[in-house]
Amino acid sequence: MVIAEIQKWRITISVSMSRFMAYKIDFFLTLLAPSLVFILINYNVWRSVYSFRNGANIDGISMDQMLHYQCWAFIVTLIVRSHRSWNLAEDIRLGRITSFLLYPFEVWKFHASEFLGFQIIQMATVCIALTILRLLGLLPELSLQALLLGILFSLLVSGLWFALEFLFGVTAFWLEETWVARVVFQLFAVFLSGAFIPLELFPPPLRDALSYTPFPLMTSVPANIFLNSPNVALASSFASLAIWIILVALLAAFTWKRGVKHYTAAGI
Amino acid sequence: MTITRAYLGVLGQLLLNSLSKLLSFRLNFILFLFAELAAFSTFYLTVDFLYQHITTVGGWNRTHFMFFIIWWQCVMNLHSAFAAPNFWNFASELQNGNLDFRLLRPLGSLFDTFTAITRPISLVIFPLNASLLVYYGSQIPLSASKWLAVTPLLLLSLTLTILIELLIAMSMFWTTGGDGVNFIRIQCQQISKWPDFVYPRVFRVAFTVGIPILATSTFSVRALFDDGAWWEVPFLVCACITLWLVIGQLWRLGLRRYESASS
């Protein structure tokens, strides 16, 4: 029974990987290029901001620290925010989930396998990106412990991101267009997670308020783990992330159940 | 004159159709509005937070920089309303063969393909951006002659942005799927939302002389700030003319290559 289940996961992951790699240029342009442009802009904006003030610190953050932070934020982005499960919403709207409902492999498992397949490819991309950044001298000496912890944390955040994407996808049971809500969330997530401006430079009241939300966990915390920053409370960050993953996954499961009851199976 | 009136009539009718379609899905209407406000506020706050810690970047103080980003937002509002949805639509019509129907209509096929869908919701936020543009423009302050140049320069920025994206979109004739190409388009917008002086020299030259992405907003705004940068306006006009000629050629070449998935 368990072996049969593992086989289903393994085959779905393998098929997803082949599908992702079938159109390599499209894969690069839709999933990797945005992250590359993101680092290109962030890195250059901060470099020029510091250059125009002759390298003087900004609120105690030196130019090197800021540029290293931006490089790690890029690595976190590659791991956390690259996967997009757009298909779920379309499958629901066009009635394609009917066939999934009949398969002996649930819809969420199919999408989770697809996500895992993507993450396997993405980890190879991350290794290449890390090597290039290191060879270009854009990253300092890497601490193995910080690297492994950072990758582990980022992978868990990607799980949270997947649960959120699934939740947004499921809203297609009620909404004509789901991408709008997703884009709105993404805009706020990028801004409030410290992906461009580190949270240390946010106004203190906003920074305090953000500590009650999952946003800092999405970029700021993992980037600081990579940086081996003493300001990160590892245990509480991992605990807080686990709670958010469970909460969002439960909400997604609840919404899915309500949605399936609401579903009228268009296309049959 | 009659042709221009006919085309404007078609545009007006398309706008009305989009408006009635938009209003029939009220929740989507609210979500779209919220998305526009989110895009605006996050970018505005990003620059605002940045300037809480610094005084100038590249000789531009907070007011100059705010004027620039509001300028970019105005261009993007108009772009999202009249151009953006058509690029996605073009990608899907190329794949499913629906482009055939556009080629049969008694309209210029390039015009019909890239004006078919409008998203008037993006214009709802335009008055807010326009007001902020006036506010920051008066803080700089701009002279009377510069104020007169604002509208033509804004339209020039918009035209160049659309033409660059049209040029990129032409590559869809030669690719398997259009999504990747549309992502390049969006990345170009992301690059142009910061002034050219934040980028290294090589990058600046490539994205000004090669593909004038960085010129779209920076050149127009700089022409308003700095009298010595007047020559950047004729550059924008020349870039628009050159791109238009190249796009015309590529469109014809692309149509020859188009295989029509529906037939």
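Author: A residue is called buried when its relative accessible area is under 20%, exposed when it is over 50%, and partly exposed in between, with a 1.4 Å probe and protein chains only. The model is a predicted one, in which local features need pLDDT of at least 70 and side-chain atom pairs count only at pLDDT 80 or more, whereas totals for chains, interfaces and linings use all residues. Residues are numbered from 1 along each chain as its sequence is written, chains are lettered from A and ligands numbered from 1 in the order in which they are written, and side-chain values use heavy atoms, with hydrogens and water left out.

A disulfide is a pair of cysteine sulfur atoms within 2.5 Å, and the structure holds zero of them over all chains. C238(B) is in no disulfide, since the nearest cysteine sulfur, which belongs to C240(B), is 9.3 Å away. C238(B) is partly exposed, at 47% relative accessibility, whereas C240(B) is buried, with a relative accessible area of 9%.

We turn next to a helix, that is, a DSSP run of H or I with at least four residues, numbered from the N terminus (strands are runs of E with at least two). Helix α13 of chain B covers residues 232–257 and contains W244(B), which is partly exposed, with a relative accessible area of 47%. Together with V237(B), I241(B) and L245(B), W244(B) makes a nonpolar surface patch of about 410 Å². Such a patch joins nonpolar side chains (Val, Leu, Ile, Met, Phe, Trp, Tyr) within 5 Å, or like charges within 9 Å, among residues with over 30% relative accessible area and no salt bridge, and the areas come from the Shrake-Rupley method with a 1.4 Å probe, only the protein chains shown counting as cover for residues.

A salt bridge, in turn, is a side-chain nitrogen of Lys or Arg within 4 Å of a carboxyl oxygen of Asp or Glu. R222(B) forms one with E232(B), and their closest N and O atoms are 3.0 Å apart. Because R222(B) lies in helix α12 (residues 215–225) of chain B and E232(B) in helix α13 of chain B, the pair ties together parts that are ten residues apart in sequence. Both R222(B) and E232(B) are buried. Elsewhere in chain B, E93(B) and R102(B) meet in a salt bridge at 2.7 Å, N to O, and these two residues are buried as well.
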